Amino acid sequence: MGNFCKYCGARVDGKTGLCPNCDAGQLRARRRQRNMIWIIAAVAVIAAALGAAAWYLLRTPDSGRQPVHDGLQDVPEAPEIQPEEPLEQDPAAVAGEPEKPEEPEEEPVSSLPADMPKQFLFYSGAGGWMSLLELHPDGTFSGKYEDQNAIAMSAPESMLDSITEGETNLSEFTGRFENMRRVSDVEYVMELAEITYAREPGEQELVDGMWMNYCEAYGLSGAKEVRVYLPGRSTSDFSDSLAWWLTVPYGLDALPDQLEGWCLYNVEEDLAYYESQPVQTAADIWQALLTSGDYLAYTADWAEISVTPTAYALLDIDGDGWEELILQGDEDWPDFHHFSVLLCDSETGEITPAQIQEIWGTEEIVYSTVGQYYGGITYSPTERALVYTELNNGFYFGIIHYRPLEAGKISPSFALGFERTEAGDTTYYLYRDGTSLLTEAAYQAYLDERESIEFQPIPDIGA
């Protein structure tokens, strides 16, 4: 049977089981209860929505709120979210390459290193010109540029007949650098502050047949910034011009990976002064030859007379400013000595023994690298000659030879002589282009003008 009320036959409510007629009160109460549940649910949903909207508005800046209309506030639009910009990356880092180091900071300094060489040289190795710069740690400097030519290129035509010695381009100057900074352990930088000339560039004059053309300091006059490179500085960033100035003039085939000397780089002119090596003197060469024992390579003729050099002296015999080495050894006979003279070419450093002319024992002119003297050997600065006698001068006769050094040979130039009678009467002679008489005073004046030669023991090899 269907669900009908047993009292009135009306269809009962399928959900509540109540009759709409007999149980109308209860049914209305149930329906009100059910409707209230739906209302409460709806209110809860609306309250949740309003709470969410209020939370969003509290988190949004005032500038983003919409104006209020009729007591209601419009819900603001959701702000547009911009995508984050990707971080900028170094292309070298992306490619796996190491980042380039930052440029080193320049540290101001009051002076350059104290062990800096005093002189720097700028030249090409050809053309007969050079510029020498003497630089001090405080930045002050002096220098000289000189270029000699056989033809006076800068002289006016009216002066050409008076010019017999050619032309000299000359610049003598002083000055200073300032704003010195230290870049690294192997590099400094400075700026040219001033340069002063002894003779103003552009002046010209004739001096003893030489046309003097006074000019600027080639190599330095156009400079603004000058960099000081120390030994050990990498050459990888050097320009082709700088590499040329540091190799070709010095006979180098290629630039080393690191500098071996000091360099002054004129940035504006792209050229360089290089460390000027200390000038080696003859004394330096001879001392090295003696202490190393290499002098023995030039004493082969000594073996024939069974004598060994034991002493030496340095003497500028020919007056050219370059000393010769005199080796001396004693013979068994009292007061007889042997000697050799070694020569050194100041340009090439080549060493050769001088040829000493022998005149005793034969009329034939004979040369040997070993000479003999009796008693002592002296030097005449007036005649620029060695003065000695080969034989023992006796009581009744004697002769003293003056022998200059010319073209690698030591040959007789003239001689002094005397003869004494049994009565003690003495006659003095000068043997030069024939024989002439001398007074005793004149003879003695020759002897008094001589200077002694001081010999020292040859040092032990390696000392």
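**Questions on the model**

Modeller: Helix H4 is followed by Gly-293, which has a positive phi near 85°. Keep in mind that this is a predicted model.

Colleague: Which residues of helix H4 are buried?

Modeller: H4 spans residues 282–292. The cover over its buried residues includes strand S14 (311–315), strand S15 (324–330), strand S16 (336–344) and strand S17 (351–353). The buried residues are Ala-282, Ile-285, Trp-286, Leu-289, Leu-290 and Thr-291.

Colleague: How many helices and strands does the protein have?

Modeller: The protein has 463 residues, of which 36% count as buried. Among contacts between residues at least 6 apart in sequence, 51% join residues at least 24 apart. As for the elements, there are five helices and 28 strands.

Colleague: What share of the accessible surface belongs to carbon and sulfur atoms?

Modeller: The accessible surface of the protein is about 28600 Å². The share that belongs to carbon and sulfur atoms is 51%.

Colleague: Which residues does Leu-220 contact, leaving aside its neighbours within four places in sequence?

Modeller: In general, nonpolar side chains in soluble globular proteins tend to be buried together. With sequence neighbours within four places left aside, the contacts of Leu-220 are Leu-133, Phe-141, Phe-173, Phe-177, Leu-192, Ile-195, Asn-266 and Tyr-273.

Colleague: How many bridges join S5 to S6?

Modeller: S5 and S6 form a hairpin with four residues between them, and Gly-139 in the turn has a positive phi of about 95°. Leu-132 stands opposite Lys-144 in S6. The two strands run antiparallel, and the number of bridges joining them is seven.

Colleague: What is the bridge partner of Ser-142 in S7?

Modeller: S6 and S7 run antiparallel and are joined by 10 bridges. Within S7, the residue paired with Ser-142 is Thr-174.

Colleague: What does the side chain of Ser-171 reach at 3.0 Å?

Modeller: Ser-171 lies in strand S7. Its relative accessible area is 2%, under the 20% limit, so Ser-171 counts as buried. Not counting residues up to four places away in sequence, Ser-171 touches Gly-143, Lys-144, Tyr-145, Tyr-197, Cys-215, Glu-216 and Ala-217. At 3.0 Å its side chain reaches the backbone oxygen of Cys-215.

Colleague: Is Asn-179 buried or partly exposed?

Modeller: Asn-179 lies in strand S7. Although not a glycine, Asn-179 has a positive phi of about 55°. Most residues other than glycine have a negative phi. Because its relative accessibility is 41%, Asn-179 counts as partly exposed.

Colleague: What is the phi of Asp-335?

Modeller: Asp-335 is in the loop between S15 and S16. With a relative accessible area of 43%, Asp-335 is partly exposed. Asp-335 is a residue other than glycine with a positive phi, and the value is near 70°.

Colleague: With which side chain does the side chain of Ser-411 make a polar contact?

Modeller: Ser-411 is in the loop between strand S23 (409–410) and strand S24 (414–420). Its relative accessible area is 17%, so Ser-411 is buried. Leaving aside neighbours within four places in sequence, Ser-411 is in contact with Gln-357, Tyr-367, Tyr-402, Arg-403 and Pro-404. The polar contact, at 3.1 Å, is with the side chain of Tyr-367.

Colleague: How many disulfides does the structure hold?

Modeller: Cys-263 is buried, at 0% relative accessibility. Cys-344 is also buried, with a relative accessible area of 9%. A disulfide would need a pair of cysteine sulfur atoms within 2.5 Å. The number of disulfides in the structure is zero.

Notes: Residues are numbered from 1 along each chain as its sequence is written. This is a predicted model: local features need pLDDT of at least 70, side-chain atom pairs count only at pLDDT 80 or more; totals for chains, interfaces and linings use all residues. Side-chain values use heavy atoms; hydrogens and water are left out. Buried means under 20% relative accessible area, exposed over 50%, partly exposed in between (1.4 Å probe, protein chains only). A polar contact is a pair of N or O atoms within 3.5 Å; within protein, one must be able to donate a hydrogen and the other to accept it, and residues adjacent in sequence count only if both atoms are side-chain atoms. Contact means heavy atoms within 4.5 Å. Accessible areas come from the Shrake-Rupley method with a 1.4 Å probe; for residues, only the protein chains shown count as cover. Two strands pair if DSSP finds at least two bridges between them.
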